[in-house]
Amino acid sequence: MGKILGICISEHKGTQKKEVPEAVLIEDWGIEGDAHAGKWHRQVSLLGSEQIEEFRARGAEVDYGAFGENLIVEGFHLRMLPIGTIFQVGDAVLELTQIGKECHSHCQIYKKMGDCIMPREGVFTKVLKGGAIKKGDEIIIKPIDIVG
């Protein structure tokens, strides 16, 4: 079992995401109002709070959303989960579609720290079922055969 510690969105691609207290997940789209939403396999990004804290311990001053992540999750080492993992947050259901990403142009964090964790620690999901979510919500992993 995990917990949503932060929800972040941005109006434009290529900008740092800002934290919001709640959001609406739209089926086969992503987070309402987020620039990265759309009909593709990377609708909602997740990053583990533990990995953010490890990065902060190395001297980085980063807020939630600095890596471009939508959901900051406590309780799972996300990149260790298999593709196809199903997450449930309230009524909303997400499916893990990609682990990590190629970073074509280094972000500001990389330029300052010489490293960025999102390309290797971030994961991406698509929204199988929409619903409202808020900071503090429980996030659970569901057996794949139960989702219907």
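Visitor: Leaving aside its neighbours within four places in sequence, which residues is T85 in contact with?
Guide: Welcome! This is a predicted model, where local features need pLDDT of at least 70, side-chain atom pairs count only at pLDDT 80 or more, and totals for chains, interfaces and linings use all residues. Residues are numbered from 1 along each chain as its sequence is written, and side-chain values use heavy atoms, with hydrogens and water left out. Contact means heavy atoms within 4.5 Å, and with neighbours within four places in sequence set aside, the partners of T85 are L94, E95, L96 and I141.

Visitor: Where does T85 lie?
Guide: Helices (H or I, at least four residues) and strands (E, at least two) are DSSP runs, numbered from the N terminus. By that numbering, T85 lies in the loop between strand 6 and strand 7.

Visitor: Is T85 buried or exposed?
Guide: Buried means under 20% relative accessible area, exposed over 50%, and partly exposed in between, with a 1.4 Å probe and protein chains only. The relative accessible area of T85 is 7%, so T85 is buried.

Visitor: How far apart in space are T85 and I141?
Guide: In sequence, T85 and I141 are 56 residues apart. In space, C-alpha to C-alpha, the distance between T85 and I141 is 7.0 Å.

Visitor: What joins the side chains of Q98 and H41?
Guide: Q98 has its place in strand 8 (residues 92-99), and with a relative accessible area of 18% Q98 is buried. A polar contact is a pair of N or O atoms within 3.5 Å; within protein, one must be able to donate a hydrogen and the other to accept it, and residues adjacent in sequence count only if both atoms are side-chain atoms. The side chains of Q98 and H41 are joined by a polar contact of 2.7 Å.

Visitor: Which residues form the aromatic pair, and why does it tie together parts apart in sequence?
Guide: Rings of Phe, Tyr and Trp (its six-membered ring) pair if their centres lie within 6.5 Å; planes under 30 degrees apart count as stacked, over 60 as edge-to-face and the rest as tilted. One pair is counted by this rule, and it is tilted, with F76 and F87 at 6.3 Å centre to centre and 55 degrees between the planes. F76 lies in the loop between strand 6 (71-74) and strand 7 (86-89) and F87 in strand 7, so the pair ties together parts that are 11 residues apart in sequence. Both partners are buried: F76 and F87.

Visitor: The charged end of which residue sits over the ring of F124?
Guide: A charge sits over a ring if NZ of Lys or CZ of Arg is within 6 Å of the ring centre and within 35 degrees of the ring normal. At 4.6 Å from the centre of the F124 ring, the residue is R42.

Visitor: Why is strand 5 largely enclosed by the rest of the structure?
Guide: On one side of strand 5 are V44, L46 and G48, and on the other S45 and L47. Strand 5 (residues 44-48) is largely enclosed because the number of its residues that are buried is five of the five.

Visitor: How many bridges join strand 5 to strand 9?
Guide: Two strands pair if DSSP finds at least two bridges between them. Strand 5 and strand 9 (residues 123-129) run antiparallel, and S45 has F124 as its bridge partner in strand 9. The number of bridges joining strand 5 to strand 9 is three.
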